[in-house]
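Reader: I would like to go through this structure by question and answer. Please show the sequence and the model.

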Amino acid sequence: MAQVLVRQLDDKLVERLKKRAKEHGRSLQSEMKTILEEAVPDYEGAWKRVTKLKKALGQAGRTFNDSTPLIREDRDR
């Protein structure tokens, strides 16, 4: 796994990060990792899961229509 070094962080920022980590019951490193994971979600993985779920539901007889025209009609009112 890769490692990242962030230099010249303000001391007050580090203290806020430590406080946040403590509130969540995590180490500073774990808290920073969580913040980065939430800031940059895995959209590709999410779309793969959505596609897989739609396929599974489709095999169960469910159909999915594009709701874009309905949303546009509602917004145009």
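This is a predicted model: local features need pLDDT of at least 70, side-chain atom pairs count only at pLDDT 80 or more; totals for chains, interfaces and linings use all residues.

Author: Residues are numbered from 1 along each chain as its sequence is written, and side-chain values use heavy atoms, without hydrogens and water.

Reader: In what order do the elements run from the N terminus on?
Author: Helices (H or I, at least four residues) and strands (E, at least two) are DSSP runs, numbered from the N terminus. The protein has four helices and zero strands. The order is α-α-α-α.

Reader: What radius of gyration does the protein have?
Author: The C-alpha atoms fill a box of roughly 55 × 35 × 25 Å along the principal axes. The radius is taken over C-alpha atoms, and the globule rule is 2.2 Å times the number of residues to the power 0.38. For a compact globule of 77 residues the value would be near 11 Å, but the protein has 21 Å.

Reader: What percentage of the 77 residues count as buried?
Author: Buried means under 20% relative accessible area, exposed over 50%, and partly exposed in between (1.4 Å probe, protein chains only). Of the 77 residues, the buried share is 6%.

Reader: Is Arg16 buried or exposed?
Author: Arg16 lies in helix α1, which spans residues 11–23. Because its relative accessible area is 55%, Arg16 counts as exposed.
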